[in-house]
Number of protein chains: 2
Amino acid sequence: MTGHLTIALDAMGGDNAPQSVLNGANLARKRFPQVRFLMYGDEARLAPMLDRLPRLKKVTHLKHTDQVVTDDAKPSVALRSGRGSSMRLAIDAVQEGHAAGIVSAGNTGALMAMSKFVLKTLAGIDRPAMASFFPTLRGESVMLDLGANVECTADNLVQFAVLGEVFARTVLGLMRPTVGLLNVGSEELKGNDAVRAAAARLKEMSLPIDFHGFIEGNDIAAGTVDVIVADGFTGNIALKTAEGTARLYSEFLRQAFRSSTVSKLGYLLARPALRKLRKRVDPRRYNGAVFLGLNGIVVKSHGGSDSLSFATAIGVAVDMAVNGFLDTIRGELERLQSAGSMDQPAAAVKA
Amino acid sequence: MTGHLTIALDAMGGDNAPQSVLNGANLARKRFPQVRFLMYGDEARLAPMLDRLPRLKKVTHLKHTDQVVTDDAKPSVALRSGRGSSMRLAIDAVQEGHAAGIVSAGNTGALMAMSKFVLKTLAGIDRPAMASFFPTLRGESVMLDLGANVECTADNLVQFAVLGEVFARTVLGLMRPTVGLLNVGSEELKGNDAVRAAAARLKEMSLPIDFHGFIEGNDIAAGTVDVIVADGFTGNIALKTAEGTARLYSEFLRQAFRSSTVSKLGYLLARPALRKLRKRVDPRRYNGAVFLGLNGIVVKSHGGSDSLSFATAIGVAVDMAVNGFLDTIRGELERLQSAGSMDQPAAAVKA
């Protein structure tokens with residue numbers, strides 16, 4: 001399969017699976033002709049669906065399992081008893097070298113627990129983080145961690161900075177991405193101990209990172225930096241607060257346009273431009289949280305993914321593979337460790 | 001001065017002071033004819049300005065001081081050496097019973113430190129919190145803490161819930177406000193220790209609070225609950241993330257309208273409706289962070305306040321005084337303590 005790139009798919013994960021997974025893969029196939037799929041799931045359901053998508057079928061290798069990780073399964077339970085599940089087999093395919101990455105819209109906690117167990121963290125990384133990109137006034141930025149680690153040490157935050165920087169460099173194609181630590185802004189409140197210690201280390205370390213220092217919540221959408229580093233608690237709340245505010249604003253906008261006949265007419269005239277706006281902030285274009293810090297490419301598509309979202313998530317996995325994210329991050333971590341710029345993992349672990 | 005209500009003003013705090021303070025007070029005077037002002041600041045500058053606002057002058061008692069707390073002053077320094085400042089004298093006026101509340105657009109940290117020192121915290125409250133209200137899909141909600149306490153114990157969070165609930169009841173006029181704790185959402189991540197312990201206490205306590213449980217970042221703008229409780233680190237970042245996202249969205253909207261001649265025409269037709277939208281989310285209408293938990297009413301107007309913002313902040317102080325916020329919260333805290341529903345302050349304090 002020279003020149004081909006194989007992506008493993010958990011066909012059974014997500015609210016709209018398997019249909020959204022198959023249609024998403026079919027969309028991705030058009031965008032990435034070099035991609036082949038290893039698809040895990042219930043053959044009795046998937047085979048007839050694939051028959052209706054002959055071009056997808058041609059580039060897909062179907063692997064049967066009737067086990068599925070449910071959405072409400074505890075990660076620890078999924079880890080113990082889900083060894084034959086579509087999610088686990090797709091992760092195994094990456095570990096065994098049959099696929100360059102895996103995409104799943106299934107249970108986030110289970111996906112993280114299984115990926116950590118099967119793929120292990122990279123040397124120099126204590127904990128993997130969830131990252132995603134989103135639109136800003138200046139283009140696109142990356143934020144991590146989005147919820148994998150509720151409590152973080154300074155070491156974790158420094159490692160997230162390195163992971164996020166390499167991700168922005170390889171996937172967003174930025175030459176020298178700037179990195180900021182999310183903090184509170186008032187002069188007298190310079191944040192908690194972890195944030196302060198992480199900032200001190202990022203400043204004094206001989207890292208090749210363009211560290212901007214602290215940023216505040218309003219800097220996220222402003223695009224002040226390319227990579228925003230936060231603990232998983234704060235990052236998750238910032239992400240969801242931004243989503244909620246965008247929804248509030250578009251609802252208010254809808255109400256404003258409906259408030260009179262003249263404004264309805266105005267809406268009709270501005271509609272093509274407003275469609276472009278909607279497309280610009282369409283969350284489906286920003287779907288695909290990546291788990292960074294593992295020995296493998298793992299992309300989590302939103303649980304409610306439709307086919308367009310799922311295709312976007314596949315695209316993120318393909319971009320990471322094509323642009324050599326893993327090789328770059330491994331090289332970077334080795335260089336840092338041999339330069340003594342990062343603590344040894346053993347010393348950094350605080351369970 | 002029967003029937004009158006006196007508000008102390010720090011005339012020298014804020015980027016646009018004293019002009020914005022005087023003009024703001026003049027706007028507030030029209031809305032609240034019963035209000036009188038005790039105004040602290042530089043008489044040489046203020047007196048001629050007041051001469052040009054004769055109606056404001058009539059209801060204002062000017063108190064001279066040439067000392068000012070600067071924006072970059074450390075709270076501890078302001079506390080030691082700012083005893084004669086306009087900010088401190090205005091707070092003293094509340095403590096001495098000459099004013100029902102104080103409004104300042106000056107240095108936030110200094111205002112908090114001085115207010116705590118002069119007014120002291122209410123019995124049953126370990127630390128005051130900053131609260132503010134903002135627009136949601138359902139109306140208005142209150143969030144606290146917005147940055148006064150970067151690290152919080154479960155006790156702090158429980159006390160914030162009580163303070164926020166009484167604030168929503170007395171100032172927003174809600175009969176039975178619902179209260180939620182801001183947390184991360186995925187099933188496997190149930191937040192940090194403080195949030196979990198606070199939720200357990202709010203559930204089991206015989207509080208008259210309508211506790212909704214955990215909420216996520218997107219619930220803030222959705223208006224899922226009336227009162228959102230968070231530690232100051234998370235609350236500050238959520239607030240500023242929402243502000244930044246709203247700014248991003250309106251900039252994208254502006255660009256969409258400008259993208260073609262037809263969409264420009266659409267904008268002209270929809271303009272009155274869009275103005276209403278802008279007014280609906282105008283941050284100046286939501287200006288005025290209140291310091292809750294003190295023996296006195298303290299309102300912090302935004303540092304960049306214009307006269308409309310400052311008038312809004314005065315309005316918040318007036319609302320709290322008129323609706324008996326302090327009496328209600330004192331009664332509530334006493335009732336809780338005698339019922340043993342809240343830990344004694346001594347036990348709850350974790351310096």
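1. A salt bridge here is a side-chain nitrogen of Lys or Arg within 4 Å of a carboxyl oxygen of Asp or Glu. By that rule, two salt bridges cross the interface of chain A and chain B. In one of them, the side chains of Glu216(A) and Lys240(B) meet at 2.4 Å, N to O.

2. A word on the ground rules: this is a predicted model, in which local features need pLDDT of at least 70 and side-chain atom pairs count only at pLDDT 80 or more, while totals for chains, interfaces and linings use all residues. Residues are numbered from 1 along each chain as its sequence is written, chains are lettered from A and ligands numbered from 1 in the order in which they are written, and side-chain values use heavy atoms, with hydrogens and water left out.

3. Let us stay with the interface. Contact (heavy atoms within 4.5 Å) links 61 residues of chain A with 61 residues of chain B. The buried area, meaning the accessible area (1.4 Å probe) that two parts lose on being put together, summed over both, is about 5400 Å² between the two chains, and carbon and sulfur atoms give 73% of that. On the chain A side, Phe233(A), Tyr249(A) and Phe252(A) lose the most area to chain B, together 14% of what that side buries.

4. One helix pair across the chains is worth a look. Helices (H or I, at least four residues) and strands (E, at least two) are DSSP runs, numbered from the N terminus. Axes are lines fitted to C-alpha atoms, for helices over the stretch in contact, and angles run from 0 to 180 degrees between N-to-C directions. Helix H11 (residues 261-281) of chain A packs against helix H10 (residues 232-258) of chain B at about 145°, the axes being 8 Å apart. H11(A) contributes Ala270(A), Ala273(A), Leu274(A), Leu277(A), Arg280(A) and Val281(A) to the contact, and H10(B) contributes Tyr249(B), Phe252(B), Leu253(B), Gln255(B), Ala256(B) and Phe257(B).

5. Now the sheet of chain A. Its 11 strands form an open sheet with mixed pairing, in the order S3-S2-S1-S4-S11-S10-S5-S6-S9-S7-S8; two strands pair if DSSP finds at least two bridges between them. Strand S3 (60-64) and strand S8 (210-215) of chain A are at the edges with a single partner strand each, so one side of each has no neighbour in the sheet. Direction ignored, neighbouring strands are turned by 25° against each other on average. Strand S2 (residues 35-41) of chain A pairs with S3(A) in the parallel sense over five bridges, and Phe37(A) stands opposite Thr60(A) in S3(A).

6. Chain B has an open sheet of 11 strands too, in the order S3-S2-S1-S4-S11-S10-S5-S6-S9-S7-S8, again with mixed pairing. Within chain B, strand S4 (residues 101-104) and strand S11 (residues 297-300) pair in the parallel sense over four bridges. Val103(B) stands opposite Val299(B) in S11(B). Helix H8 (residues 193-204) of chain B packs on this sheet, where it touches strand S7 (178-182) and S8 of chain B, and its direction makes about 160° with that of S8(B).

7. Finally, some backbone details to check by eye. A cis peptide bond joins Ala17(A) and Pro18(A), with omega about 0°; Pro18(A) is in the loop between strand S1 (5-10) and helix H1 (19-31) of chain A. In chain B, a cis peptide bond joins Ala17(B) and Pro18(B), omega again about 0°. Lys120(A), although not a glycine, has a positive phi of about 65°, and this residue lies in the loop between helix H6 (108-119) and strand S5 (129-136) of chain A.
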